[in-house]
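Me: Please take a close look at one part of this and walk me through it. Start with the charged pairs and then go wherever they lead.

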Amino acid sequence: MSFRTSLIVGSAALALLLIGCGGGGSGSTTSSPTANAANFQPNPDGFSFVNDGQVEIDDLTDKNIATLYGANNVCYNGDANNCLLTAMGNYQKISQLKGQQGGQCYGFAVASAMLYYGGYDFEGKTQASDFNPSASKTYDLAKSDVDNFIAMTFTNQFTPQVQNVINQCANSDTITQYNKIKQSLQSNDPSAVLAFYALSGQGGHAVTPYKVSESGNEAKIWVYDNNYPGQDNLYFSVSLANGYWEYAAGRTNANEEASSDYKGQGTTNPFCSIALSETQYKVLENSRSARSDVQVVLNGQAENVQLLMSNNQSKYIGYDFDNIDPGATYLNQISGAKIHQRFDGMPPMLQIPIPSNLTNLHAITSPQDYNVFFQELYFGVAAKPYNDGKSNTISLSMDAANVAFQSALQITDVPLQQSITQDEGVIVGFHPGGKFLMLQRAGTSGSLPKITLYYDDFQLQQGAIHEFSVNEGYYLADNYTLGIFIQDVKTLGVFIIDPSGENVVDLTENIEYSVSSRYVDHNGVRQAPVRTIKQPLGSAYRLRVGMPTKRGVDDFKIERLF
């Protein structure tokens with residue numbers, strides 16, 4: 001069986017189909033709003049700029065990452081105020097920023113509610129003038145005044161507190177959620193977020209409800225929608241008779257077209273009310289000592305993408321595009337696995353426990369070792385276009401963690417063109433131990449995307465970030481697979497697997513690739529020179545990329561792998 005076939009239909013399948021915004025600050029568990037919900041207006045109480053997914057690298061600081069994940073987990077010096085980010089700390093920062101490029105709607109909704117209602121602060125700031133002395137109201141603020149505020153309120157969409165609310169909503173109904181919003185707007189804990197999804201599951205958004213009105217059996221929920229700054233004529237239509245709802249202005253961000261698919265009825269696709277107090281859980285607590293799982297996140301131009309994954313017992317998690325369970329939108333058949341919904345139009349994040357019987361600390365020193373790793377591959381990735389004429393550039397991020405080490409993989413800038421057929425695209429296999437990946441350009445001799453590997457060895461207190469890219473003009477032969485194994489902080493194994501997926505083989509064509517490495521420890525970050533390697537025919541090599549020293553980079557060499 002070929003690598004491609006085994007990943008798509010066998011025991012290790014994660015399919016990406018081109019089918020188809022997050023929150024919280026600090027505070028106590030109850031709020032005491034100082035403002036009346038019915039007096040809220042998109043202007044002056046919403047932001048004057050649109051939710052367009054424009055995110056800058058400094059929207060989240062290293063200190064923010066230390067606050068979110070714990071200084072002992074992501075800072076080699078353990079100092080949140082002067083954090084030296086680990087390799088995985090760098091990965092978390094980049095991943096959080098990439099995750100906001102599809103839109104920051106949840107952050108907009110929570111931040112505007114916090115400023116209007118009061119009762120909570122962000123780093124001691126409670127009103128618009130705290131962010132800009134010349135601003136008397138939220139609408140006066142520029143994006144640059146609150147970019148960090150919005151980015152941080154975005155991050156909590158994956159926290160247990162918010163996810164628990166979302167899961168409860170999924171098992172609720174439209175009228176229950178409508179009543180929750182109506183009652184909350186008259187309480188001391190108003191609804192800060194109205195979150196909702198397209199009926200197809202191919203998109204989501206979050207807005208701020210501020211008023212309800214009723215006429216007979218028809219009701220309206222008036223909202224501030226961060227895709228339409230200042231507009232006060234937007235509302236959800238709700239039938240109190242049969243629980244039908246629709247929102248004609250729905251779209252994931254300001255760059256998308258409005259969709260007629262934002263609707264539901266009764267228990268089918270109800271919207272979700274999230275109270276202000278429920279948005280205030282701040283720390284993600286992604287603890288190294290507490291984690292033993294794989295997380296899968298999709299970013300980039302991925303509003304038209306969905307995920308489905310199968311473990312090696314053929315249990316599924318993700319979007320049910322194959323009608324595995326008729327009537328289901330999402331599946332979760334893996335014990336202990338979790339689906340974390342997002343409100344930025346992206347597919348959910350998947351979190352899967354790492355099996356306890358892996359050889360994840362074992363080096364690949366023989367073809368037999370490779371075969372062990374291949375049999376333990378937890379999932380693969382395939383990509384194909386869904387929308388006619390729509391091109392996509394996606395990024396896939398996967399990370400694995402246990403007590404000894406953490407590692408992550410990012411496949412970035414994967415182009416998916418309308419011309420790619422169902423059997424073409426990029427396929428990725430990822431070992432749940434986090435040290436082994438396989439990458440194939442299926443059905444075409446097109447170039448491979450950039451691969452970034454992040455790896456921290458907590459016993460050595462060292463980490464590395466390796467950017468690996470096949471140079472332009474060099475390709476793998478059709479259906480051959482590139483294998484990369486992280487042996488240690490400074491050593492990568494690079495080899496080729498034949499089309500059967502069962503054998504490590506010598507190269508049948510020359511291949512040239514570049515490796516750019518950064519090393520991190522308690523002394524900071526050191527950049528190694530970019531190295532270009534032209535791997536010759538008949539080779540399967542271990543690449544020892546070396547550690548930077550005061551004399552330069554030592555110990556750079558290529559060795560026979562096995």
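Reply:

Asp521 pairs with Arg526 in a salt bridge, with the closest N and O atoms 2.9 Å apart; the term asks for a side-chain nitrogen of Lys or Arg within 4 Å of a carboxyl oxygen of Asp or Glu. Before going further, note that this is a predicted model, where local features need pLDDT of at least 70 and side-chain atom pairs count only at pLDDT 80 or more, while totals for chains, interfaces and linings use all residues. Residues are numbered from 1 along each chain as its sequence is written, and side-chain values use heavy atoms, with hydrogens and water left out.

Back to that pair. Asp521 is buried, because its relative accessible area is 7%, and buried here means under 20%, exposed over 50%, and partly exposed in between (1.4 Å probe, protein chains only). Arg526, at 27% relative accessibility, counts as partly exposed.

How many salt bridges turn up in the whole structure? The search finds four. Side chains of opposite charge can pair when their charged atoms come close. Another of these pairs joins Glu214 to Lys182, again with the closest N and O atoms 2.9 Å apart. Glu214 sits in strand E3 (residues 204-215) and Lys182 in helix H10 (residues 174-184), so this bridge ties together parts that are 32 residues apart in sequence. (Helices, H or I with at least four residues, and strands, E with at least two, are DSSP runs numbered from the N terminus.) Glu214 counts as partly exposed at 41%, and Lys182 counts as partly exposed at 28%. Then there is Asp140 with Lys137, whose side chains meet in a salt bridge at 2.9 Å, N to O. Asp140 is partly exposed at 33%, and Lys137 is partly exposed with 30%.

Is H8 out in the open or enclosed? Ten of its twelve residues are buried, so H8 is largely enclosed by the rest of the structure. The buried ones are Lys143, Val146, Asp147, Asn148, Phe149, Ile150, Ala151, Met152, Thr153 and Phe154. What covers them includes H3, H5, helix H6 (105-117) and helix H7 (128-131).

Take H6 from that list. Two packed helices are described by the angle between their axes and the distance between the axes. H6 and H8 pack at about 110 degrees with axes 8 Å apart, where axes are lines fitted to C-alpha atoms, for helices over the stretch in contact, and angles run from 0 to 180 degrees between N-to-C directions. That makes H6 roughly perpendicular to H8 (under 35 degrees is roughly parallel, over 145 roughly antiparallel, 65 to 115 roughly perpendicular, and the rest oblique). On the H6 side, Tyr106, Gly107, Phe108, Val110, Ala111, Met114 and Leu115 meet Lys143, Phe149, Ile150, Thr153 and Phe154 of H8, contact meaning heavy atoms within 4.5 Å. Sorted by class, that contact has nine nonpolar, two polar and one charged residues. The sorting puts Ala, Val, Leu, Ile, Met, Phe, Trp, Tyr, Cys and Pro under nonpolar, Asp, Glu, Lys and Arg under charged, and the others, Gly among them, under polar.

Helix H3 (residues 62-69) meets helix H5 (residues 87-98) at about 100 degrees, with the axes 10 Å apart. That makes H3 roughly perpendicular to H5. Asp62, Ile65 and Tyr69 of H3 make the contact with Gly89, Gln92, Lys93 and Gln96 of H5. Those residues divide into two nonpolar, three polar and two charged.

One last stop, in the loops. Asn269 has a positive phi, near 55 degrees, though it is a residue other than glycine, and it is found in the loop between strand E7 (263-265) and strand E8 (272-275). Asn269 counts as buried, at 17%. Gln461 likewise has a positive phi, about 60 degrees, in the loop between strand E20 (450-457) and strand E21 (462-470), but Gln461 is partly exposed at 32%.
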